[in-house]
Structures are given as structure tokens and as C-alpha cells.
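User: I would like to go through this model with you. Could we begin with its pockets?
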Amino acid sequence: MSPVSILLIGFAMSTDAFAAAIGKGAAMRKPVFRDALRAGLIFGAIEAITPVIGWLLGRAALDYVEAFDHWIAFGLLVALGLHMIVNGLRPHDDETDEDPSRHHGFWRLAVTGFATSIDAMAVGIGLAFMDVHIGVMALVIGLCTLTMVTAGIMLGRVLGNMVGKRAEIIGGVILMAIGATILYEHLSGAA
């Protein structure tokens, strides 16, 4: 897998966390960089761990699915991309009536981080069937998420809900394109 593809997957995996961070930043009274960085570290660490878990699960099944592994990677990436696009097109639930301070504790951030990283676990499963170093991939996904969440919290006050959903749609399109590229490269190499 090329470095550009690895970076694109990293950013695609962080778009749902970025959308959540914009929402959290909009809900915070006055987010400061320290709070944004803390959230970025929590999200980034979780987002880096989940693809490794998925990769381990995928490696365990590798012998059974080696003949059609490219189809699995393609299917997972397209399904996740479609899911992200559908979520991006849904109307946004407004949480501004609730107490904003309740949404920014460690456990709340960790649960939100885990919820936004389920797709990274599925991508990890798909990566188990490809020639990619999972440590590098996990590091890139974690760093991209750290960066995107930190920026998302800080931008949340300014941008609010305007950008969040669009980022998720763009991430979904990127995942689908990478899935199609994987399938194309495998099928054209086999021909």
C-alpha cells in the first residue's frame, strides 16, 4: 500500500471523530487548546488501538479467506464509506439544551472515541488481508485522529455544525475510493 493511501485511510478514519469534535467544541463554553489536545489524545489513542484489534482478528481468519480477501477489504471499505455518507446526510441532533460540561469528562470522551473508532476496527480486519504494516497504519490513524480532533474542538466554536457532517461524507467517499482501488489493483494483477 502506498504512503498516500495510508495517509488517506488515516484521515478518512478520523473524519467521524472530527465531526464529533466539532460538535463537542461547539457545545463547550470556551474551548482552550489544552482541552482540545486532551480530547485529541484520548480519541487518537483509541483510534490507534482499534485497527490493531481488527487486524489481529483478520489475521486469525486469513487462512480461511485468502482466496477472496480483496473482496472482503473492498466490501468493508465500501460498506463503511456508505455508512459514513448516510450518517453525514442525516439531520443533526441538537444537544445544546443539555449541560455542556457533562460531555467532556474522560469517560465520556473515551466512550465517544470508541464509538467513532468502530470503523477503524473494521478497516483493521480488511488490512489483515493486505501487505501493510499494522503498526505504521495504527500510528498514522492515531496521529491523524489526534490532529483532527484537536482542530475540530478548536474549530467547533466557530464552525459549529456547518462542517462536521460534510467531513464525514468526504471520509466515506475516500474509503469507498480506496476500496475500489484495492479491488482494481488485485484484479488487474491477477489478470
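User: What volume does the second largest pocket have?
Analyst: The second largest pocket has a volume of about 270 Å³, the space filled by probe spheres set on grid points joined across faces, edges and corners. A pocket here is an open set of points on a 1 Å grid over the protein atoms alone where a 1.4 Å probe fits, with protein on both sides within 12 Å along at least five of seven lines.
User: Which residues are closest to its centre?
Analyst: Of the 14 lining residues (an atom within 4 Å of a point), Met1, Met130, Asp131, Ile182 and Glu185 are the closest to the centre of the second largest pocket.
User: Which element gives the most to that lining?
Analyst: Helix α7 does, with five residues.
User: Before we move on, what are the ground rules?
Analyst: This is a predicted model, in which local features need pLDDT of at least 70 and side-chain atom pairs count only at pLDDT 80 or more, while totals for chains, interfaces and linings use all residues. Residues are numbered from 1 along each chain as its sequence is written, and side-chain values use heavy atoms, with hydrogens and water left out.
User: What does it touch?
Analyst: Beyond residues up to four places away in sequence, Thr145 touches Ser14, Ala17, Phe43, Gly44 and Glu47, where contact means heavy atoms within 4.5 Å. A polar atom of the Thr145 side chain also lies 2.8 Å from the backbone oxygen of Ile141.

How values were computed:
A polar contact is a pair of N or O atoms within 3.5 Å; within protein, one must be able to donate a hydrogen and the other to accept it, and residues adjacent in sequence count only if both atoms are side-chain atoms. Helices (H or I, at least four residues) and strands (E, at least two) are DSSP runs, numbered from the N terminus.
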